Amino acid sequence: MPDAVVIGAGPNGLVAANLLVDAGWSVEVLEAQDEPGGAVRSDRAVHPDYVNDLGSSFYPLAAASPVLARLDLHEEGLRWSHAPRVLAHPLADGRCAVLDRDRAKTAAGLDSFAYGDGAAWQNLCTVWERVGPDLLGALFTPFPPVRYAARLAARLRGAGGLRLARTLLLPVRRLGEEEFRGEGGKLLLAGNALHADLAPEAAGSGGFGWLMTMLGQTYGFPVPVGGSGALTAALVSRLRRRGGMLRCRARVVEVVVRGGRAVAVRTADGESVAADRAVVADVSVPALYGELVNDRHLPGHLGQDLRRFQWDFATFKVDWALERPVPWAAEAASSAGTVHLADGVDALTRFAAQLAVGDIPDRPFALFGQMTTADPSRSPTGTESAWAYTHVPQEVRGDAGTDGLTGTWDRKEREAMAERLERQVERFAPGFRTRILARRILAPPTLQALDANLYQGAINGGTTALHQQLVFRPVPGTGRPETPVKGLYLASAGAHPGGGVHGAPGANAARAALRRSASPTVLSLAQRALTSRKGPADPRQGRH
């Protein structure tokens, strides 16, 4: 009987399993899919000469994460690579805002939009240098992050206190208006805010956009050499080398509860796998409380809260194998790993408004990834492995375009939406379609079939809006990995601090399990595993 059973071999589940093994526990990970990784996988299914990522691709949060750094994944062969530029946001008139890891270059580019905006950018960077480390510490530790919160409060007093707090709570449109005269800085902030489901007018979107741009400025948007699957392979290799077990094609359908405690799981084929100390669930919040745990073991108010649980936007993605690089009208976009495609902040607001009323956007804001630009191993020289994704409503009520899409996502609708996404790319890169060698369409149901946690392609485990963060995540009064069932811990992006590949939900769940399990020896080993800082490879370094 293992000490712990981990449900799900996504990045959070694998992080939790690794930390429990480091503390001396025996661990068995059960994964429903044919291979581990969740949304962190890659393959050659689009074209045999091209590596494409199925889900996530760029990892600024992984680069900043102390959780992943402490795992020393470079010892398992993980290497990182960077595009020459972090991010670009071209406009239809040929101008282009660029985020570079050299802040002086970013500032110089913003001065070309409006003189003085470079200095404004440098001021935002200075604030980040003062509060960023403690802000990240608070983000990556269990809620409430008492130590980091105290340090952050002291830093805030020195950085303007309430004024800075106000700034972080601003909608990103307003933050851009207060900080910049030209469009460039506003675009960098607003485009990054929409990496989550935060409209330009949403409270707190300014803070999130600033966080993401500062992560890019500081750490870049690195990618694993050889494909995102290399990150998963490193986590699995480390786990197995230290004695952990992983089984795929083992879908868990029930958490067995006796005497108010999780004691086992049951798989779809009827197998019972006992857990001596803990069950750690890297599954979505609705799946855990609505499917795996019988509601008789849960307090009545939890069901009411779950009815108010809000998913983030659904996602529609297309992967491409391109015969030649993308013919961007704005040359600066050619050297960026990530490219944002929307013709200004007003276009982002229009896109978000269409989503808010349930319409599939007619001119979708696209996040475009140039993977060979970021990692030359992804495809032959002179070609590009690329993708783009956009968001669509979880519940489709209409189509703002002319195709009459209804959200059934049958073959006809998938093809029509892929064409719409390609037309959006063409607006900024005329001739793009002539370079397509092959493509793969990943509609919302396809993404969910690849990873059940991606409900209709929701990539953040639930909305990033303020009403479902901190003590409200996943439901009011929680904010921690412990559940109402003893010995059962939530380790997915549905738990604090939420989406992104950083491992914090998994680490928080492992900490909670170890703390509740309680022998001094175990606690000593756990503390060593969770605080060791032995020379990890820095993802800020690497190619380019």
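Within strand β12, Ser-272 is the bridge partner of Arg-266. The structure is a predicted model, in which local features require pLDDT of at least 70 and side-chain atom pairs count only at pLDDT 80 or more, while totals for chains, interfaces and linings use all residues. Residues are numbered from 1 along each chain as its sequence is written, and side-chain values use heavy atoms, with hydrogens and water left out. Helices (H or I, at least four residues) and strands (E, at least two) are DSSP runs numbered from the N terminus.

Strand β11 (residues 261-267) runs antiparallel to β12 and is joined to it by 3 bridges; two strands pair if DSSP finds at least two bridges between them. An open sheet of 3 strands, ordered β10-β11-β12, is formed with antiparallel pairing. Because β10 (252-258) and β12 (272-274) stand at the edges with a single partner strand each, one side of each is left without a neighbour in the sheet. Neighbouring strands of this sheet are turned by 30 degrees against each other on average, direction ignored.

A second open sheet comprises 7 strands in the order β7-β6-β15-β17-β18-β14-β20, with mixed pairing. Its edge strands, β7 (96-99) and β20 (436-442), each pair on one side only. Strand β6 (residues 85-90) pairs with β7 in the antiparallel sense over 4 bridges, and Cys-96 in β7 is the bridge partner of Pro-90. Helix α9 (residues 183-193) packs on the sheet, touching β6, β7 and β15 (336-341), and its direction makes about 65 degrees with that of β7. Axes are lines fitted to C-alpha atoms, for helices over the stretch in contact, and angles run from 0 to 180 degrees between N-to-C directions; contact means heavy atoms within 4.5 Å.

Helices α5 (residues 117-139) and α10 (residues 205-219) pack at an angle of about 90 degrees, their axes being 10 Å apart. The two helices are therefore roughly perpendicular to each other, a class that covers 65 to 115 degrees. Contributors to the contact include Trp-121, Trp-128 and Leu-135 of α5 and Trp-210, Met-214 and Tyr-219 of α10. The contact residues divide into 13 nonpolar, 3 polar and no charged; Ala, Val, Leu, Ile, Met, Phe, Trp, Tyr, Cys and Pro count as nonpolar, Asp, Glu, Lys and Arg as charged, and the others, Gly among them, as polar.

Of the 15 residues of α10, 13 are buried, so α10 is largely enclosed by the rest of the structure; buried denotes under 20% relative accessible area (1.4 Å probe, protein chains only). Just after α10, Gly-220 adopts a positive phi of about 75 degrees.

Definitions and conventions:
Angles under 35 degrees count as roughly parallel, over 145 as roughly antiparallel, 65 to 115 as roughly perpendicular and the rest as oblique. Buried means under 20% relative accessible area, exposed over 50%, partly exposed in between (1.4 Å probe, protein chains only).
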